[in-house]
Amino acid sequence: MLRSLRDTQAAFAAHLAGHGRPDLVAAIAGDPGTALQRLQLHRHHVARSIGAALAATFPTVAAVVGQDFFGLLARDFMAGTSLEDPVLSRYGEPFPQYVAAQQHMHGLPYLADVARLDWALNVAFHAPLEPRLSAADLAARPEESLPELSLRLPAGSSLIESAWPLNLIWQASQPGTPVDKVDPAAGPCRLLVFRRREDAAFAVLELGEAAFVKGLSQGDHLAAAAQHAAQVEQGFDLAATFGRMLGLHLLAAGTPA
Amino acid sequence: MVPPAGIGLRSQHLDELLRAPIRPVFLEVHAENYVRPSPSLEKVLRLRHDFEFSVHAVGLSLGSADGIDEKHLERIARLVERLQPALVSEHLSWSGFEGRFFNDLLPLPYTEEALEIVARNIGRVQDRLGRQVSIENPSAYLGFRASTLTEAEFLDELVRRSGCGLLLDINNVAVTAHNLGLDPADWLNELRGEAITQFHLAGHARNVLDDGSTILIDDHGSRVGDGVWSLFDQILQRFGPRPTLIEWDTDIPPLAVLLDEAARADRTLAQADPRDVALAA
């Protein structure tokens with residue numbers, strides 16, 4: 001017998017997690033069959049709504065595997081990772097690791113990296129819009145101070161390096177895309193994910209550019225980051241890289257937090 | 001002054017609302033969608049210059065025996081401070097237990113113990129926000145044997161104990177009455193309803209269960225049904241006009257459809273007896 005509201009909510013929580021609770025069924029008005037049927041409505045609604053939230057956060061994964069298979073992945077993930085926050089966009093950080101561990105189930109070696117990209121886009125989308133460095137800001141500084149300049153990526157940015165062509169896989173998942181087939185063997189990619197004014201996006205980086213970005217995000221000064229990039233990619237062009245990053249509004253002043 | 005009719009604000013419609021002038025409506029946001037920074041929040045803050053807002057929370061879990069999640073309350077409070085909405089509301093339900101969140105508006109037994117807990121939780125929220133919060137009657141799919149009060153009695157008593165307002169969701173009255181075998185008129189007759197601050201209107205789905213019975217699902221995925229419009233007429237005769245919101249959360253239609261529903265609510269409100277209670281502001 002459920003003697004208190006706390007008892008009732010504990011029983012309801014157990015029911016939602018899939019456990020049988022005859023004491024809860026007995027506490028519901030109507031015959032036991034109808035009571036159970038009504039309780040199941042809540043169990044299904046909870047599973048469906050959390051699954052939908054996960055699909056909204058991982059839309060590329062859902063597009064790659066299809067909604068039905070995504071539903072199976074989500075169901076098993078949710079069984080092991082309960083939702084703790086009413087802010088649904090915070091749910092799913094461990095999903096990429098889960099997808100990696102389930103490769104036997106989906107057979108797609110690139111799917112975990114696709115999930116990492118989705119999560120990175122979600123993080124960037126929910127980052128504050130910070131002021132970005134412009135060419136005019138730089139022009140206002142004495143030239144000799146530039147090598148010692150501290151730069152960082154805007155809040156919410158991240159670098160994703162993958163052995164798979166994530167950029168093409170992402171493009172193929174977009175509504176109305178002209179890309180109808182992606183060859184997963186098309187090669188590796190390096191994506192810088194970042195917040196824009198209206199959305200979150202990624203830029204495809206060359207090897208040297210990625211090394212440069214990595215240096216900046218580790219707190220290297222401009223000169224040190226450029227040196228690191230030149231070691232990774234012969235012929236690394238600092239001016240071109242810097243110009244591109246300024247053009248994409250990818251640099252903020254200051255050292256990384 | 002809050003316009004008589006409003007619409008639930010969906011992210012799909014943000015840009016269109018920012019671009020073009022539309023008929024005067026108020027906008028309701030689901031609080032949990034806007035507590036984090038995002039381009040959508042920035043657009044909402046821009047829209048605030050031209051629209052009155054209602055902040056509708058879905059995750060405070062006012063019926064939790066655990067009490068209020070202070071961290072979440074703090075986030076809601078910051079949003080309310082930034083948006084300065086005309087109305088703030090939450091549901092008569094619970095959705096969290098021992099740190100887990102279920103993303104559903106779960107039912108409460110209507111008992112003295114639950115009354116004390118919900119009134120205390122509402123008090124905590126109102127103290128932190130420094131303003132009245134309106135409590136929405138939920139859509140029910142089941143009832144508890146332990147209940148000693150009807151839903152309407154429970155709501156009226158919450159008003160008395162906590163000083164909260166009431167958000168009367170007319171679609172939820174129709175859904176609850178059908179699912180629990182009640183007459184919506186009886187449900188309403190039991191409600192004193194002195195503290196009603198706003199109405200909600202929405203569509204619902206009708207599902208046929210294995211045993212052939214039907215159940216109404218509060219899915220907010222279609223136009224407001226005729227039965228709910230008719231109930232709205234009766235409610236206006238009894239309680240007078242209040243700001244009235246069109247909710248639409250699944251299968252979101254073009255903005256024009258939402259505005260068309262709001263225009264119908266507007267016309268209905270205009271026909272209500274103006275001597276009745278003035279619009280809350």
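**Strands and chain contact**

I began with chain A, where a hairpin of four residues joins E3(A) to E4(A); strands here (E, at least two residues), like helices (H or I, at least four), are DSSP runs numbered from the N terminus. I noted that this is a predicted model, in which local features need pLDDT of at least 70 and side-chain atom pairs count only at pLDDT 80 or more, while totals for chains, interfaces and linings use all residues. Residues are numbered from 1 along each chain as its sequence is written, and chains are lettered from A and ligands numbered from 1 in the order in which they are written.

I then looked up the pairing of strand E3 (residues 189–195) and strand E4 (residues 200–204) of chain A, which is antiparallel over five bridges, two strands counting as paired if DSSP finds at least two bridges between them. Within it, A:Phe194 stands opposite A:Ala201 of E4(A).

In chain B I found a closed barrel of eight strands, E1-E2-E3-E4-E7-E8-E9-E12, with parallel pairing. Strand E4 (residues 87–91) and strand E7 (residues 134–136) of chain B run parallel and are joined by three bridges, and B:His91 has B:Glu136 in E7(B) as its bridge partner.

Last, I checked the contact between the chains (C-beta atoms, placed from the backbone, within 7 Å), which takes 38 residues from chain A and 30 residues from chain B. E6(B) gives the most to the side of chain B that touches chain A, with six residues.

Key
Contact = placed C-beta atoms within 7 Å.
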